[in-house]
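Me: I would like to learn how to read a model of this kind feature by feature, with the general idea stated before the particular case. Could we go through it together?

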Amino acid sequence: MQGYIVLNRPWAFVQWLEKATIDEEYILMAEPDHIFVNPLPNLAHGDHPAGYSFSYIKPAAHEKIIRKYYPEERGPVTKVDPIGNSPVIIKKSILEEISPTWVNISLRMKDDHESDKAFGWVLEMYAYAVASALHGVRHVLRKDFMIQPPWDLEVGKRFIIHYTYGCDFNLKGELTYGKIGEWRFDKRSYLSGPPPKNLSLPPPGVPESVVRLVKMVNEATANIPDWDSINRG
């Protein structure tokens with residue numbers, strides 16, 4: 001959609017909620033690059049969804065732009081949570097209210113040059129945060145919801161590994177972020193097809209979170225039937 005494929009996400013939720021039969025009261029919104037590493041309980045508290053606080057979602061730092069969609073009479077910009085829609089655990093009834101607004105705000109932001117330039121690839125994340133605030137929905141912010149290697153070093157009791165950043169290290173186990181490492185795992189290396197089986201493990205000294213990520217990818221590819229033929233395709 002308009003060269004920004006993620007705009008399909010809010011629209012997909014609107015259609016799914018309208019057409020599907022969903023018996024559950026709560027919905028978990030997650031993504032294909034999420035790996036579940038510990039059993040996930042319902043982290044939501046009644047009408048307050050649970051979300052992850054992203055360091056790069058900063059509504060207050062973009063107050064001028066946010067005010068185009070969240071006017072001053074609605075309250076301070078701090079009512080816009082620093083979140084995206086994923087990972088989020090939310091009541092189905094609340095998501096049904098938010099989703100159409102999420103679509104509309106996403107499209108308005110994409111059509112506005114200033115918003116599009118400022119928010120880039122995380123535009124629909126800002127749109128979800130604004131849509132939630134417009135409906136008076138505040139999220140319980142859980143830093144333990146997930147980790148993002150290579151910056152988060154240990155899995156511990158966290159629930160999800162989000163492999164969004166490239167993991168580049170030299171053979172001494174030192175991070176070389178921004179420069180292709182002698183050892184690397186980056187999902188963008190596999191845009192033309194899935195990763196092969198038995199990815200090489202990181203060298204000694206690399207954070208446990210990265211090691212765990214690669215081991216779990218290897219575990220999955222080893223157990224998915226006909227993975228090699230899928231990879232050849």
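Reply: Let us begin with helices: helices (H or I, at least four residues) and strands (E, at least two) are DSSP runs, numbered from the N terminus, and the expected span of a helix is 1.5 Å times one less than its number of residues. This is a predicted model, in which local features need pLDDT of at least 70 and side-chain atom pairs count only at pLDDT 80 or more, whereas totals for chains, interfaces and linings use all residues. Residues are numbered from 1 along each chain as its sequence is written, and side-chain values use heavy atoms, with hydrogens and water left out.

Me: How many residues does α6 have, and what distance does α6 reach from its first C-alpha to its last?

Reply: Helix α6 has 16 residues and reaches 22 Å from its first C-alpha to its last, close to the 22 Å expected at 1.5 Å a residue. For helix α1 (residues 8-19), the 12 residues should span 16 Å at 1.5 Å a residue, and the end C-alpha atoms of α1 are 16 Å apart, which agrees.

Me: Which residues of α1 are buried, and where do they fall when seen down the axis of the helix?

Reply: Buried means under 20% relative accessible area and exposed over 50%, with partly exposed in between (1.4 Å probe, protein chains only). In α1 the buried residues are P10, F13, V14 and L17. Seen down the axis of α1, these buried residues fall within an arc of 100 degrees, so they line one face of the helix; the arc is that of the directions from the helix axis to the C-beta atoms. If contact is taken as heavy atoms within 4.5 Å, then what covers the buried residues of α1 includes β1 (26-29), α3 (92-111) and α5 (123-134).

Me: What is the order of the strands in the sheet that contains β1?

Reply: Two strands pair if DSSP finds at least two bridges between them. By that rule 4 strands form an open sheet in the order β1-β4-β3-β5, with mixed pairing, and its edge strands are β1 and β5 (140-141), each of which pairs on one side only. Strands β1 and β4 pair in the antiparallel sense over 4 bridges, with I27 having I90 in β4 as its bridge partner. Strand β3 (residues 50-51) is joined to β4 by 2 bridges and runs antiparallel to it; here A50 has I89 as its bridge partner, while G51 stands opposite V88.

Me: Which way do the side chains of β4 point?

Reply: In a regular strand the side chains alternate between the two faces of the sheet. In strand β4 (residues 88-91), V88 and I90 point one way and I89 and K91 the other way, and all are buried.

Me: Which strands stand at the edges of the sheet that contains β2?

Reply: This sheet is open, with 3 strands in the order β2-β7-β6 and mixed pairing. Strands β2 (34-36) and β6 (146-147) stand at the edges, each with a single partner strand, so one side of each is left without a neighbour in the sheet. Strand β2 pairs with strand β7 (residues 160-162) in the antiparallel sense over 3 bridges, and H34 stands opposite H162 in β7. Helix α6 (residues 208-223) packs on this sheet, touching β2, β6 and β7, and its direction makes about 90 degrees with that of β2; axes are lines fitted to C-alpha atoms, for helices over the stretch in contact, and angles run from 0 to 180 degrees between N-to-C directions. The buried residues of α6 include V210, L213, V214 and V217.

Me: Is D168 buried or exposed, and what does its side chain reach?

Reply: A polar contact is a pair of N or O atoms within 3.5 Å; within protein, one must be able to donate a hydrogen and the other to accept it, and residues adjacent in sequence count only if both atoms are side-chain atoms. D168, found in strand β8 (residues 167-169), is buried, with a relative accessible area of 4%. The side chain of D168 reaches the backbone nitrogen of G181 at 2.8 Å and makes a polar contact with the side chain of R184 at 2.7 Å.
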